[in-house]
Amino acid sequence: MADWLTVLTTTDSPEKAEALARGAVEGRVAACAQVSGPVTSVYRWKGAVETAAEWQVAFKTTAARYQALETHLREAHDYDTPEIVATPIVAGHAEYLRWIEDETAQ
């Protein structure tokens, strides 16, 4: 796994998205989080195709802090099955990547 990650989730309101973002940063399981939205999500849920407006949250963290971030999201999220997807950051500005490490240090 890469040393740094972008982790995505979605939720159904800007207030919930900001609360997830703020909680992760305050808990030092993410260095920062960007809230985008609304986005239109189309998905199959309980046998039906659904469409919903959602807000996406992109967290920057380290591989070492991923499990703590996932735990935070699972506990704080109100969806039955929240999206929690990690994508490796394979390259980036060295000072920014070091900042991610510093801000998520335990």
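Which residue forms a salt bridge with R28? Select R28 together with E103: the two form a salt bridge, their closest N and O atoms being 3.9 Å apart, where a salt bridge is a side-chain nitrogen of Lys or Arg within 4 Å of a carboxyl oxygen of Asp or Glu. R28 lies in the loop between α1 and β2 (32–45) and E103 in helix α3 (residues 94–103), so the pair ties together parts that are 75 residues apart in sequence; helices (H or I, at least four residues) and strands (E, at least two) are DSSP runs, numbered from the N terminus.

This is a predicted model, in which local features need pLDDT of at least 70 and side-chain atom pairs count only at pLDDT 80 or more, while totals for chains, interfaces and linings use all residues. Residues are numbered from 1 along each chain as its sequence is written, and side-chain values use heavy atoms, with hydrogens and water left out.

Next, select E26 and R22, which both lie in helix α1 (residues 14–26), four residues apart, about one turn of the helix, and whose side chains meet in a salt bridge (3.9 Å, N to O). E26 is exposed at 58% relative accessibility, whereas R22, at 48%, is partly exposed (buried means under 20% relative accessible area, exposed over 50%, partly exposed in between, with a 1.4 Å probe and protein chains only).

Then move to E70 and R74, a salt bridge with its closest N and O atoms 3.8 Å apart. Here E70 is buried at 17% relative accessibility, while R74 is exposed at 57%.
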